[in-house]
Amino acid sequence: MAVSPTGASVVDTLIVGAGLTGLSCAYHLGDADRYRLLEKADGVGGLARTRSRPGGFLCDGTGHWLHLKSPTIKGFVETVLGANLESRARRARIYSKGVYTHYPFQANTYGLPAEVVAECVHGLIQARYEEKRPAPKNYKEWIRNEFGEGICKHFMYPYNEKIYRVPLETLAVDFAAKYIPRPSVEAVVKGALGLSPESLGYNASFVYPKTGGIGALPNAIHQNLKRRAELERAPVSLSLPDQTASLSDGSRVRFSHLVNTAPLPDLVEMLVKGDATSVPEAVRDAVVKLRANSVFYFDVGIKGAVRDHQDYHWIYFPEEEFPFYRVGSYSAVERSLAPEGCRSYYVECGHYGEGDPSRYEQAVIDGLRKVGLLTDEDELLFLVPNVLSPAYVLVDDHYAAARGTILDWLASSTPIITMGRYGRWQYNAMEDAMREGQEAALQIRGGDRA
Ligand SMILES: Cc1cc2nc3c(=O)[nH]c(=O)nc-3n(C[C@H](O)[C@H](O)[C@H](O)COP(=O)(O)OP(=O)(O)OC[C@H]3O[C@@H](n4cnc5c(N)ncnc54)[C@H](O)[C@@H]3O)c2cc1C
């Protein structure tokens, strides 16, 4: 390993974080002498990590299903996973008013009480054809203009409030729009009459490993790296003037490029610690304006046979009487994730600000019992609380300017390429993460030819 005159080791590219973005970057950089990959956790994968639970269960960090549209990333995933990949047709439902309806709510009101169906369909027709409303100024107005009063009242408002846990008026117009199906009036009418095919939305089918949970993907990329990740090793501070990272083990690394996939606020904090004078005031002001919620989720293992409604891939819960906004089943998607005679779930609760997931525990158990996902014939084997923080980046009025200030400065004035869900402070999916990791590698390798 090369060493600089100041005693720091020298590397061309230092990658911070071995989630899918960092792993993909390392893979596409290729050469073992080219990079070092630092990961603060004790395993690779980040959000896409799979953990063992007592008794032989495997649980992901809530549902992580692959939607692969890019031929390049599809090819990459197929190369690393080989035959360990299978396509699945979505089995998703919404539970409200005591009934299960098909996903998405807005195109499948069949089965709900007749007056609710009428409110939803009439509201949507009014919104699309009868009303002349001004252009929306925030997310709440946008969903109201798109779907009308009924669908908003019975699903969109309560569901979105349960995930993000902030007033919807404080979110920007097109927040999350790309993930929300906007069916035609014909589809809504057919869906109200029970004639809708179960194939709307961006995630009508998905692919998922046959064994090992979603963690099989980051693990397979990791196995294929020329140089493995260094676990439980992270930068404490980053000094821009001498392009050096001081690591948690006391060592120092001098880099030509730094690929960051840690959350943007953490990156700025490390830079300020390294040399406060090199971070412009505008960047320090901008970083405090970035907001995100948290997701408290529970891995649940149950011994008991699968009965009615217990085998959907995931179920949305818009009603406030349930503390969770969604419950999914790892074992319904892939049987091998739970032992014989058992099934497993993830239960997701949105949260904003400081908090402790244990305060949701009893309400989660009560909610699962109420809806029949846990019954008297079942044995509850475990309920493990987990925190994802940040979870969903909140796009509000400050978002574009604050994020832009930080990203522009990093790109124009530093050797740092920042990528990934939290590295670019965005709402993205695993496919995007792998593509961004590849892009970072191409940017660096493109520099070789310049
Ligand atoms: C609740 C939820 C559900 C999701 N469901 C899906 C889904 O079904 N399908 C889908 O495609 N996508 C889904 N996603 C999105 C997907 O998880 C992400 O797009 C992707 O995993 C992001 O990868 P990443 O590498 O950018 O970030 P991360 O996975 O966050 O990886 C960053 C890594 O950096 C490490 N790190 C952080 N700080 C430091 C530091 N200072 N030093 C060293 N290491 C550090 C972390 O430990 C982590 O390993 C979901 C996300 C959430 C929150």
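**Sheet, helices and ligand shell**

In this predicted model, helix α4 (residues 139-164) lies across the strands β6, β15 (314-316) and β17 (342-351), and the helix runs at about 90° to β17. Helix α10 (residues 361-371) also packs on the sheet, where it touches β6, β14 (294-303), β17 and β18; the direction of α10 makes about 130° with that of β18.

The sheet on which α10 packs is an open one of seven strands, with mixed pairing and the order β7-β6-β15-β16-β17-β14-β18. Its edges are formed by β7 (99-102) and β18 (379-388), each of which pairs on one side only. From one strand to the next, the twist averages 25°.

The ligand may be considered next. A shell of 36 residues surrounds the ligand, and the closest of them are G17, G19, G46, A262 and G420. The elements that contribute two or more residues to this shell are α1 (20-29), β2 (35-39) and α12 (430-449). In terms of residue class, the shell comprises 19 nonpolar, twelve polar and five charged residues.

Terms used. Residues numbered from 1 in each chain as written. Predicted model: local features only at pLDDT ≥ 70, side-chain atom pairs only at ≥ 80, totals over all residues. Near = placed C-beta within 6 Å. Helix = DSSP H or I, 4+ residues; strand = E, 2+ residues; numbered from the N terminus. Nonpolar A, V, L, I, M, F, W, Y, C, P; charged D, E, K, R; others polar. Pairing = 2+ DSSP bridges. Axes fitted to C-alpha atoms, helices over the stretch in contact; angles between N-to-C directions. Contact = placed C-beta atoms within 7 Å.
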